[in-house]
Amino acid sequence: MSLMTIKDLEQVQKNLSEGGLDYQLELINGKIEIMGPSDIVSSEVGAELIRLLGNWVKPRRLGRVFDSAGGFILPNTNLKAPDVSFVRASRLRKSVRYFAELVPDLVVEIKSQSDRINPLKKKINQFLELGAQVGILIDPDELTVTVYRSTEEPIVLGNGDILTLPELFAGWELSINELWPPVFTDDEF
């Protein structure tokens, strides 16, 4: 079997869409991988991170924040879509109506119920090897956020800790416990 290309992936995506199916696809080493939907906790964590990052990034015109549908064609010809990503304004002055042909500065993977940690770590490390500045792995099951940089050992943060990314967002701080979905009580209704 021959290796698949970006054009092949686009055709598969088109066929799925015409059939009423909405799947996220990635191209990894010439093979198309189908990404199933996330559980709602992982989705809510991702949405909250995007909101909090976007509230800092946009008014300062630092760059662009993307969700899990934003695809990146990497230097190794793989097409990947991190759960959350950021690209500095100087590297992507205008969004294109196609996949971005670059490595994001920040990549975030959020463990969903069916994910295993090691493949997520591997994915983050591949982004770092290709030039990402920071990778983050969020594990809602363990309530941890692990920060990866190519020049340092991973740092594990938990509730009560503060996430900072000074190389990308000078002055931005995020209390880890802000990421987790709230629990609503009967008193609130």
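In this predicted model, F72 is buried, with a relative accessible area of 1%. The ring of F72 is paired with that of F66: the two centres are 5.7 Å apart and the planes stand at 85°, so the pair is edge-to-face, an angle over 60° being the condition for that class.

**Aromatic pairs**

A pair of aromatic rings is described by the distance of the centres and the angle of the planes. The model holds four aromatic pairs in total. Y98 and F99 form another of them, with ring centres 5.0 Å apart and planes at 55°, so this pair is tilted. Both residues of the Y98–F99 pair are partly exposed: Y98 has a relative accessible area of 38%, and F99 has one of 21%. Elsewhere, F86, F169 and W172 are joined into a cluster by ring pairs.

**The chain as a whole**

The secondary structure consists of three helices and twelve strands. The radius of gyration is 17 Å, close to the 16 Å that the globule rule gives for 189 residues, so the chain is as compact as a globular protein of that length. Along the principal axes, the C-alpha atoms fill a box of roughly 55 × 40 × 30 Å.

Of the 189 residues, 39% count as buried. Among contacts with a separation of 6 or more, 51% are between residues 24 or more positions apart. The accessible surface amounts to about 11100 Å², and carbon and sulfur atoms contribute 50% of that area. As for charge, there are 20 positive and 28 negative side chains, and the centres of these two sets lie 11 Å apart.

**Residues with a positive phi**

Most residues other than glycine have a negative phi. N29 is found in the loop between β1 (24–28) and β2 (31–35), whereas T77 is placed in the loop between β4 (72–73) and β5 (79–80). Each of these residues is exposed, N29 with a relative accessible area of 56% and T77 with 53%. Both count as exposed because their values are over 50%.

**Further residues outside the strands**

E101 lies in the loop between β6 (84–88) and β7 (106–110) and counts as exposed, at 61% relative accessibility. L3 is 98 residues from E101 along the chain, and the C-alpha atoms of the two are separated by 20 Å. N177 lies in the segment after β12 (174–175) and counts as partly exposed, at 42% relative accessibility. D161 is 16 residues from N177 along the chain, with 8.0 Å between their C-alpha atoms.

The accessibility of these residues is set out below.

| Residue | Relative accessible area | Class |
|---|---|---|
| N29 | 56% | exposed |
| T77 | 53% | exposed |
| E101 | 61% | exposed |
| N177 | 42% | partly exposed |

Conventions. Residues numbered from 1 in each chain as written. Predicted model: local features only at pLDDT ≥ 70, side-chain atom pairs only at ≥ 80, totals over all residues. Heavy atoms only, no water. Helix = DSSP H or I, 4+ residues; strand = E, 2+ residues; numbered from the N terminus. Rg over C-alpha atoms; globule rule 2.2 N^0.38 Å. Buried < 20%, exposed > 50% of the residue type's maximum accessible area, 1.4 Å probe, protein only. Contact = heavy atoms within 4.5 Å. Areas by Shrake-Rupley, 256 points an atom, 1.4 Å probe, with all protein chains shown as cover. Lys, Arg positive; Asp, Glu negative; His and termini not counted. Charge placed at Lys NZ, Arg CZ, Asp CG, Glu CD. Phe/Tyr/Trp six-rings, centres within 6.5 Å; stacked < 30°, edge-to-face > 60°.
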